[in-house]
Every structure is written in C-alpha cells, then in structure tokens.
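Biologist: Hi! Could you walk me through this one? I'm new to reading structures.

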Amino acid sequence: MEKRVKGSCTTILVGKKASIDGSTIISRNDDGHEALDPERLVVVNPAEQPRHYQSVISKVQVELPDNPLRYTSIPNSILKDGIWPAAGINSDNIAMSATETITTNSRVLGIDPFVAGGIGEEDLVTLVLPYIHSAKEGVTRLGALLEKYGTYEPNGIAFSDKDEIWWLETIGGHHWAAKRIPDDAYVVAPNRMNIDDFDFAAADTMASADLEEIIAKYHLNPDFDRVNLRHIFGSSSIKDTVYNNPRAWYGQKYFTPEVEQDPMEQDLPFICHANRKISIEDVKFVLSSHFENTKYDVYGSGSESDKTLFRPIGINRNHDVHILQIRNDVPAEIAGIHWIAFGANTFNTVVPFYANVTDTPASYKDANGIFNLNHMYWLSCTTALLGDTDYDFYVDMRNSYELAAMSAYRKIENDTDAALNQHQADAPSYLAAANQQLADKAMELQTKLLGDMVIAGSEKMKLRYNLND
C-alpha cells in the first residue's frame, strides 16, 4: 500500500439552534503533512462520477450505483495519490466532510486490525456523498462500506442536512459508531477519538451491530459506571496533551469562555454549548486561530517554550478550510453554501459559493503544481508566507482586508438571495454567475492585500542603507 499522505485536521460542527441563522454547519481545516499541496474547488456532475472506482493508495475496487447526485468537491490538483475530495454538498443539500484523522489503541486493533486493502480518506466522499439523501443516510451508507471493505486508518466523518448533523468515527478495521449532534450544541474535534459518553439504545446514536458486544466480550471498558467511547477505543497519550487537546480547549474557550479548563485535559467534552449563537465568522476565526490572547500564541509575546508547546489550529499545513452551511430560511435552490479558502488560514477569507451549480470559477478550479498568482490557492499561500515573516506588522492590514472582504461577499450573497425568484427557471446558471462575481471579488481583494503588504514591507527590508543619491 502506498504511503499515507494526509492527516492532521480540525473539525467544528454547529447545530441549527446553535447557529446565528438556524443553519446547520459542518466545517474542517484540511491539513496535510507538507506545507503545500494544491487543491481546487470543483463540481462533479453525474456523468463524471465513476461507476467503477479504484483507490490509488489501497487499490480497493468498489462498484458504484448508476444514479449519482451532482456534488461539490475539493480534490487535490496533483492526483498521484488519488482524488482526496475532502468535502462537498450534493444536489439534495446533503453535506459531508471527510476526514478528521483520529486515534485508536492496541486493544481494539488486536480484535479488529486495520485492513491494508480497505477504504480511507482518499475515497470516502466519492463513495458516499453522491448517493445519500439525508445526513443519517450518510452514516448508514458509510457504515455498510466500512463493514464490507474495512479501513486502513482511523477517521472521523461529518454529515449534515438542513435539520441534523451526524458524526461518525471508525473503530478498528471494520467497526464504527456515530452520534447525532444536538441542535443546540457545537463540537470542536481535533485528531483524537472524540465521542465520549455513548448510549447504544438512544435514538441519537448508531453503531456497527456487534460493537456493544465486543466491548463486553473483550473487556474493553476501563470505566466502572459509564460507556465512554474515547476511553474504550481512543487514546490518552502524551501527544494528545500537546497536539490534540489544546485545540479543543481553545475552541471551547472561545465559544464558552466562562468554563475553566486545562489545555492538556484528556476529558474535554465532546458535546458543548456556546454562550451565544455562532456565526460563520466565529467558525472561521477558530479554524484560523493560533492561541491568540494566551501565552501559547505562536505570534505572541510568551516564552519560546510556551509558543512552541502546543500545535495551533491555524498552521502552515492548512491546505483548505471549508465551512458547509445548509440554510433553513431560504428556498432549497440556494440553501447549500460551500464556504472555502485555501492555504494557511491566518491571511485568507472564506468565500460563500453556492453549491447548486454545474461548474466553478477558473480561479478556484484550475490550480496545479505550477505557481500562478491567477489561482486563489497560490495567491493565498503567497500572502500567508509574507504575513508570517512579520505578523505584528501585517496583522492590521489582514484585519482591514478581512472586514472588507467578508462584507463584500455577504452583500453579493444577500443580493443574489433576494433576486432568486426572478431566475428560478435556471437557478444553476444564475448562481454560477453569482459565484463568478464572488470569485472575482475575492481575487481582487486578496491581490490588493498582497500588494499592500509588499509595498509596506519593502520599507522594512534589511537590504538598505540610510544614505542615498
């Protein structure tokens, strides 16, 4: 099997009663093991969806149904390791994000080992999203695929529709468990097993048929009086205390600041409740964060040991951030919004592309391995690289840009929503035009930010002399 090439991400889920506008929101930083790995935003139309699928990494072959739905996708630009679609929204307004790499332990792998020829992150969106009509149906389909083909890695996967969010975690080679996120709750999920308390008999849980049985049969539960899947199937390692737990801690600190917790705590809760309703801007801030206003801030004034102790959420290995929003206060034609940004999140903004389209703008679709500032992926990466050289100097420019950009995108979105009834006969074409307007504005504003940074930063170059002719 080929070397696994991607991994560490951060996920945020927001129920419809926890969001500011009644939307369901599933979101994730798609992070890799390398700083650069070009990605694109595309639409996969039914004719383009394979009927016979073969993975590049595991070589698994899967026959697919003949009736796929159209869906958005965020594939790799360079396909030597496979498609890696990451996330998308299908034409029934069902969203999926895959995957959050999670943790496991030797006790479960001794019972149900990983399957070298199984399915994994490379494959899941392609195998599931085009065939589901609800979030819960996504859990059912993925669960069946895991049981049939097995997996070679542990992952967490999010599904949403306009009413529900479900979170599934793989367990060993063939097992899995899933939990419906309460409507009034949010979740911050880093790279660890995240589901904690679990009731197999509840209406808001699902699991592989024999999962409860194997817990008892193999004496897997370390607790006296509860079923906590993180304790049973996950890890509680030193790495978790510096790599995973602090990210959950910071997200929970932002959304629920009144709760005092330790950033290294192994039992930070899975299901949380915010002290206010959560906006897209809130989600983007947390997914871009680097422990601001704490001594652990990478760009802060703490000691070098503090600043490098914990792995931040925003990191140079962010390849994309996607926020998949299914709205409840608009017609179905415009309910699905695929917010996206590329590169390290500190110096980018998410753009709200309508999912009900058959194609995407070239500046977001055509990036490849050749550096080109006409493609948003490379433009975003360049801006982040320059910003990283002197964060304190550039951050005010970033803040002004972010306010201007998000205001402009929301204005375009509001105007597009308002005029939909005049264009419902051909909504996809109408929305494609709006997406082009959004992409053009995003390229304009990101280019302006980079230009402002270059002009201002050139005065601070070390290659200078105080006298001139």
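Modeller: Happy to! Let's begin with Ala86, which is buried, with a relative accessible area of 3%. Buried means under 20% relative accessible area, exposed over 50% and partly exposed in between, with a 1.4 Å probe and protein chains only. Before we go on: this is a predicted model, where local features need pLDDT of at least 70 and side-chain atom pairs count only at pLDDT 80 or more, while totals for chains, interfaces and linings use all residues. Residues are numbered from 1 along each chain as its sequence is written, and side-chain values use heavy atoms, with hydrogens and water left out.

Biologist: Thanks! Where does Ala86 lie?

Modeller: Ala86 sits in the loop between strand E6 (71-73) and strand E7 (87-89). Helices (H or I, at least four residues) and strands (E, at least two) are DSSP runs, numbered from the N terminus. Ala86 also has a positive phi of about 75°, although it is not a glycine.

Biologist: What about phi at Asn93?

Modeller: Asn93 has a positive phi too, of about 60°, and is not a glycine. You'll find Asn93 in the loop between E7 and E8, and it is buried at a relative accessible area of 15%.

Biologist: Which residues does the cis peptide bond join?

Modeller: That bond links Ala98 and Thr99, with omega at about 10°. Thr99 belongs to strand E8 (residues 95-101).

Biologist: New topic: Thr151. Is that one buried or exposed?

Modeller: Thr151 is buried, with a relative accessible area of 2%. Its place is in the loop between helix H3 (135-149) and strand E9 (155-160).

Biologist: And what does the side chain of Thr151 reach?

Modeller: The side chain of Thr151 reaches the backbone oxygen of Ile119 at 2.6 Å. A polar atom of that side chain also lies 3.2 Å from the backbone oxygen of Glu153. Leaving aside neighbours within four places in sequence, Thr151 is in contact (heavy atoms within 4.5 Å) with residues including Phe114, Leu146 and Thr170.

Biologist: Let's look at helices. How do H6 and H7 cross?

Modeller: The axes of helix H6 (residues 238-255) and helix H7 (residues 280-288) come within 10 Å and cross at roughly 150°. Axes are lines fitted to C-alpha atoms, for helices over the stretch in contact, and angles run from 0 to 180 degrees between N-to-C directions. H6 and H7 are therefore roughly antiparallel to each other; angles over 145 degrees count that way, under 35 as roughly parallel, 65 to 115 as roughly perpendicular and the rest as oblique.

Biologist: Which residues of H6 and H7 meet?

Modeller: Tyr250, Gly251, Tyr254 and Phe255 in H6 meet Asp282, Phe285 and Val286 in H7.

Biologist: How many residues of H7 are buried?

Modeller: Seven of the nine, so H7 is largely enclosed by the rest of the structure. Among them are Ile280, Val283 and Leu287. The buried residues of H7 pack against several elements, including strand E1 (10-14), strand E14 (318-326) and helix H11 (391-418).

Biologist: You mentioned H11. At what angle do H11 and H12 pack?

Modeller: H11 and helix H12 (residues 427-458) pack at an angle of about 165°, with their axes 10 Å apart. H11 and H12 are therefore roughly antiparallel to each other.

Biologist: Great, thanks for the tour!

Note on methods. A polar contact is a pair of N or O atoms within 3.5 Å; within protein, one must be able to donate a hydrogen and the other to accept it, and residues adjacent in sequence count only if both atoms are side-chain atoms.
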